Amino acid sequence: MEDSTISGSHPHEPHAGGFATRLNWLRAGVLGANDGIVSTAGLVVGVAAATTTTSAIFTAGIAGVSAGALSMAVGEYVSVSTQRDSERALLAKERRELSEVPEYELAELTDIYRAKGLSLDTARKVAEELTAYDAFTAHAEAELGLNPHALTNPWQAAFSSAVAFTLGALLPLLAILLPPVTARIPVTVAAVLLALALTGSISARLGGSDPVRAMMRVALGGALAMLVTYGIGQLADVAGI
């Protein structure tokens, strides 16, 4: 009789480490889009409160989208590059230790599996078999939590961050430019709050937290940002700046 625990009694349950990586990328994309929505909405609402000139609002919005996307990309590139340099240094140290003190590394791997609940004999056998198959990968994953063949690409991270920000930023920019002058700000506020509620819900579901609380948190944050910049725009209008 076929063992149901092996044959796939849970065919839709993800077990691969790649799923967790894709989930993290998706969550980062949602957060990047959220940043684009909030920052651009605050900018265009503030400018629209000070002037009704479409060209001024458009110029400010495009400048904000461009600067924000580039800032996100550069920041993500620097952050991931630094992380990757640290990971490579750790992996180089691990490779060197495997070459210089293989018995000590084998004992260390055995101890890791014993700490997970295996008996000494079983842990030793697992460590030996994994070491024989691919010692470097086995030790990197068990000791460092790293897959040496799938390190994060800083260029990919930078591109993804810039794209996510830009897609999010386009919503408030279009919402402020397309409606009639008298409806610009109300339409933008409504569109932004709906979009933020959606990103908050998605982010919460990806993280397994309460979606209602997340939706309220991001919507209130976005509303506060637009309120502040709207007030600044009104003051600038009154002062004739």
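View 1. The expected span is 1.5 Å times one less than the number of residues; helices are DSSP runs of H or I with at least four residues, numbered from the N terminus. The model is predicted: local features need pLDDT of at least 70 and side-chain atom pairs pLDDT 80 or more, while totals for chains, interfaces and linings use all residues. Residues are numbered from 1 along each chain as its sequence is written, and side-chain values use heavy atoms, without hydrogens and water.

**View 2. Packing of helices H4 and H5.** H4 (residues 102–115) packs against H5 (residues 120–144) at about 110°, with axes 8 Å apart (lines fitted to C-alpha atoms over the stretch in contact, angles from 0 to 180 degrees between N-to-C directions). The two helices are therefore roughly perpendicular (65 to 115 degrees). Residues in contact (heavy atoms within 4.5 Å) include Leu106, Leu109 and Ile112 in H4, and Ala123, Val126 and Leu130 in H5. By class, this contact has eleven nonpolar, three polar and seven charged residues (nonpolar: Ala, Val, Leu, Ile, Met, Phe, Trp, Tyr, Cys and Pro; charged: Asp, Glu, Lys and Arg; polar: the others, Gly among them).

View 3. Glu97 and Lys93 form a salt bridge through their side chains, at 2.6 Å from N to O (cut-off: a side-chain nitrogen of Lys or Arg within 4 Å of a carboxyl oxygen of Asp or Glu). Both residues lie in H3 (residues 54–100), four residues apart, about one turn of the helix. The structure holds three salt bridges.

Notes
Angles under 35 degrees count as roughly parallel, over 145 as roughly antiparallel, 65 to 115 as roughly perpendicular and the rest as oblique.
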